[in-house]
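Open the model in your viewer and keep the sequence panel beside it. The tour goes stop by stop, with something to select at each one.

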Amino acid sequence: MEWPSVPKEQMPPSQPPPLRADARRNREKLIEVAALAFSEQGAAASLEDIARRSGVGIGTLYRHFPTREHLVEGVYRRELEILATAARDLLREEEPAKAIEEWMNRFVSYMAAKRGMANSLKLLFTSNSALFAEGSKLLHTAFEELLNNAVEAGAVKGDIEGADVLNALFGIYSIPEGPDWRDRAHRIVRLVMDGLRR
């Protein structure tokens with residue numbers, strides 16, 4: 001049996017309608033505050049507190065993000081976009097070796113937020129594994145641009161594989177939780193950077 005055809009004008013739009021300016025600002029603020037809350041408090045971050053710190057009611061949060069996983073996805077996408085944008089900016093603004101080191105330090109903040117969303121990210125992965133494949137590709141592309149630029153400038157060794165460096169950086173994720181987590185993460189960045197230099 002074939003499904004009856006639906007006139008084009010009656011078909012639902014493939015994309016949701018664009019948000020009004022105030023709604024867009026609320027959504028962006030919720031994601032920004034949530035990223036900070038997840039990196040500071042981890043899974044214990046309260047959605048009610050995120051809404052309050054964003055200056056909106058909990059109902060507004062749920063209108064934008066019906067579940068915690070929807071909010072986590074928004075934060076995850078934002079953190080990836082920040083890293084990708086940072087790579088482009090650093091290529092323009094910093095000398096090659098400094099650009100790599102600064103990007104890796106920003107990667108620490110990405111990992112902090114990711115650790116805080118670990119349980120929700122696992123659930124999200126089962127329903128949207130393509131999101132993580134896209135994210136991985138974005139990170140690798142951003143870092144490869146920085147690395148190739150530094151190799152061409154003679155600022156780092158020429159036999160470095162970008163994937164190997166990123167694998168080392170992802171080891172930051174496994175650092176035991178504690179008040180010195182960020183300090184230890186940035187020490188790893190310095191060690192990796194020392195290994196890259198000529």
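**Before you start**

This is a predicted model: local features need pLDDT of at least 70, side-chain atom pairs count only at pLDDT 80 or more, and totals for chains, interfaces and linings use all residues. Residues are numbered from 1 along each chain as its sequence is written, and side-chain values use heavy atoms, with hydrogens and water left out.

**Stop 1: the whole chain**

Select everything. The chain has nine helices and zero strands. Helices (H or I, at least four residues) and strands (E, at least two) are DSSP runs, numbered from the N terminus. The C-alpha atoms fill a box of roughly 65 × 45 × 35 Å, taken along the principal axes. Of the 198 residues, 38% count as buried. Buried means under 20% relative accessible area, exposed over 50%, and partly exposed in between (1.4 Å probe, protein chains only).

Now colour by pLDDT, the predictor's confidence in each residue, from 0 to 100. The chain mean is 87, and 90% of residues reach 70 or more. Helix α2 (residues 47-54) has the highest confidence, at 96, and α6 the lowest, at a mean of 83. Next, select residues 1-16. Their pLDDT stays under 50, and the model has one contact for them beyond four places in sequence. Contact means heavy atoms within 4.5 Å.

**Stop 2: α4 against α5**

Select residues 68-93 for α4 and 96-116 for α5. Their axes come within 10 Å and cross at roughly 175°. Axes are lines fitted to C-alpha atoms, for helices over the stretch in contact, and angles run from 0 to 180 degrees between N-to-C directions. The two helices are therefore roughly antiparallel. Angles under 35 degrees count as roughly parallel, over 145 as roughly antiparallel, 65 to 115 as roughly perpendicular and the rest as oblique.

Show side chains. On α4, the residues that meet α5 include Tyr-76, Leu-80 and Leu-83; on α5, their partners include Trp-103, Phe-107 and Tyr-110. By class, this contact has 11 nonpolar, one polar and three charged residues. Ala, Val, Leu, Ile, Met, Phe, Trp, Tyr, Cys and Pro count as nonpolar, Asp, Glu, Lys and Arg as charged, and the others, Gly among them, as polar.

**Stop 3: α1 across α4**

Among the α1 residues in the contact are Ile-31, Ala-35 and Phe-38; α4 brings Leu-71, Val-72 and Val-75, among others. The contact divides into eight nonpolar, one polar and four charged residues.

Click Val-75 in α4. Is Val-75 buried or exposed? At 0% relative accessibility, Val-75 counts as buried. Leaving aside neighbours within four places in sequence, Val-75 is in contact with Ile-31, Ala-34, Ala-35, Phe-38 and Met-117.

**Stop 4: α7**

Select residues 129-152, helix α7. Its end C-alpha atoms are 35 Å apart. The buried residues of α7 include Leu-131, Phe-132, Leu-139, Phe-143 and Leu-146. They pack against α4, α5, α6 (118-127) and α8 (162-170). Just after α7, Gly-154 takes a positive phi of about 75°.

**Stop 5: Glu-101**

Finish at Glu-101 in helix α5. Glu-101 is buried, with a relative accessible area of 18%. Beyond four places in sequence, Glu-101 is in contact with Val-189, Arg-190, Met-193 and Arg-197.

Conventions:
The expected span of a helix is 1.5 Å times one less than its number of residues.
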